[in-house]
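Please look over the sequence and the structure before reading the points below.

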Amino acid sequence: MTFFVARRLLYLLPVLIAVSLLTFSIASLLPGDLAYTILGDQATPENVAALRHDMGLDQPIWWRYLSWLGNVLQGDFGRSFRTGQTVLQAVAERLPVSIELMLLAQLGALGIGVPLAIICAARSGGPFDRFMTGTAFGMLSVPTFLSAILLIYFFAVELRWLPATGYVPFAEDPAANLRFMVLPALTLALAEWPSIMRVLRSDMIATLQEDYISLAKAKGLKTSRILFVHALKPSSLTLVTITGINIGRLIGGAVIVETIFALPGIGRLLIGAILTRDLIILQGVVLLVGAGFVIMNFIVDMLYAVLDPRIRHGHA
Amino acid sequence: MNGNYLLSVEDVVVDLPTPRGNLRAVDHVDLTVGAGRTLGIVGESGCGKTMLSRAVLQLLPKKAKLSGRVMFDGQDLLQLPPEKLRKLRGRSLAVVFQDPMTSLNPVLTIGTQLIETLQEHLELDDAAATRRSVELLAAVGIPAPEQRLAQYPHQLSGGMRQRVAIAIALSCEPKLLIADEPTTALDVTIQAQILDLLAREQRRRHMAMIIITHDLGVVAGRTDEVAVMYAGRVVERAPTPALFKKMRMPYTEALLAALPKLDAAPHTPLPAISGRPPDPTRPLKGCSFSPRCRYAVARCQDEKPALEAAETKAHQFACFHPIEAHADANA
């Protein structure tokens, strides 16, 4: 097991290096000179040259990459030339919002998707299964911005149960915070439960054909035990994979949902950085988000081993 | 039929809808097993022997249609409410499947799979169930049983896994054990051990047993009675010694001839049964074996012989030209 973890950790290294290279090139290869962006159109060539020298932009690109990477490894991701805030400060400010949104969205999506998948698989081919499979297919093709607007219309405008936009930190007022979070989290959950449901349903149906499920029935076990203990665990590898990808993606912020509901998360930070050409922030945030995604996938790999002893013991 | 039997299968028909039409997997089968007795069901792949066992266990595929009666211990399993059936399965009616590589759950420990059965049917606390599991594993010949409880199936060999499956089947002292090709997936050297284990436990626990196999050699010394199946029907049924002494149905004879013999000269070709079983979605009008039977005459193609008793009531066969008749004709 220790060997397994160590080997997986070793795989992370080249991936993280590739992520940093890509991130750096995005920012460096974009057209337009950063010094002009900062100083504006009216800057004199002397001022631009001086700033370029100060920022190290006159150095060769590989040298700039290495010095940036060196700083990053020491925890210095740079600071915004607009707000003066460091990347880490900006991310630390926004991350709790995105993570809370991500967690609530996953809770919602799994809460809807998993029970439906189990019921559908247990009665596959029946009327409920066909209805839910159709519904899931329909929901899969509803874009987030549409369901967000519909949810705002019903729950905020018509019923006036929940606020349409805004945010209060959890530490300030947990109840108000949750009220602001319900609709955005529900929007994301509505987008994700269909894929969760469809994947788990088809894996479960395959598992229920297995000999060991027949034996579990022949042993006289209760249906609930067969479904939850014997069938769910071996069926959940794909589920864990897509949940991991969803989580990794949402750590990087849900750009559309955060924008519609005016949530100050990572997604808004990124959009802001792009619109104002704040390349230092952009570069730093993309690197952090990319690293988060890679680490999430590492955790998923670990979960495989928890779910399936054959992977743990290096048999599969 | 009367109530002296532990299990009596009466006029059971299993139909499976397939894209090519209805497949009659089991065609009007009658069988009985007395308490503590052993029945062997023999036939080649696709003859319906597994479907018949699944019909008894009520584990048929969802689409399958089942008719007839399966009386077990005085109750018709087909009419039993699901909750009563569940209490019966694993408790008094147990099964060992063909392939121990797939019949144990790969993500649960051996201990979990044993203990859950015990606790489902018997009121045992964790300590008692664990103790009993260790005893069971020891009884089926698994070394170091305490350590096995924490292991997963993939850490055991095929033979060991089948022993675990047998321990699970025996755990609640069932009245009837159905062993569906219990040794087919195992090495030849392990096969005899597993069969001997089953025979020993069957005698010791005084339970009835059905052994399903394609190998007449498996049932030879280990069963009280044998039923030979072909194309979904029972074509010959007799007490084991009677069957081996004087088989009547040409198919049974052909099956026996196809067994390798120890005293045969090296490289003797095995007499195989030529042709294939009939397409089960296109039933024949006459005897199902007639296209492959070397004794078949015109009548065999037009009329289906019924399963009838001959000299002794116990020995039944479905053939117009049982083997003895030919022997007489040739003599």
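The following notes cover the chain as a whole, its domains and the contact between them.

The structure is a predicted model. Chain A has 316 residues, and its secondary structure consists of 15 helices and 0 strands. The domain assignment divides chain A into domain 1 (2-73) and domain 2 (88-312).

**Overall form**
- Of the residues of chain A, 35% count as buried.
- Among the contacts in chain A with a separation of 6 or more, 70% are between residues 24 or more positions apart.

- The centres of domain 1 of chain A and domain 2 of chain A, taken over C-alpha atoms, are separated by 33 Å.
- Where these domains touch, domain 1 of chain A contributes 15 residues and domain 2 of chain A contributes 13 residues.

**The side of domain 1 that touches domain 2**
- Two helices of chain A, helix H1 (2-29) and helix H2 (34-39), each supply at least two residues of this side of domain 1.
- H1(A) provides the largest share of this side, with 12 residues.
- Sorted by class, this side of domain 1 of chain A has 11 nonpolar, 3 polar and 1 charged residues.

Key
Residues numbered from 1 in each chain as written. Chains lettered and ligands numbered in written order. Predicted model: local features only at pLDDT ≥ 70, side-chain atom pairs only at ≥ 80, totals over all residues. Domains from an automatic or database assignment. Contact = placed C-beta atoms within 7 Å. Helix = DSSP H or I, 4+ residues; strand = E, 2+ residues; numbered from the N terminus. Nonpolar A, V, L, I, M, F, W, Y, C, P; charged D, E, K, R; others polar. Buried ≥ 20, exposed ≤ 12 C-beta atoms within 10 Å, placed from the backbone.
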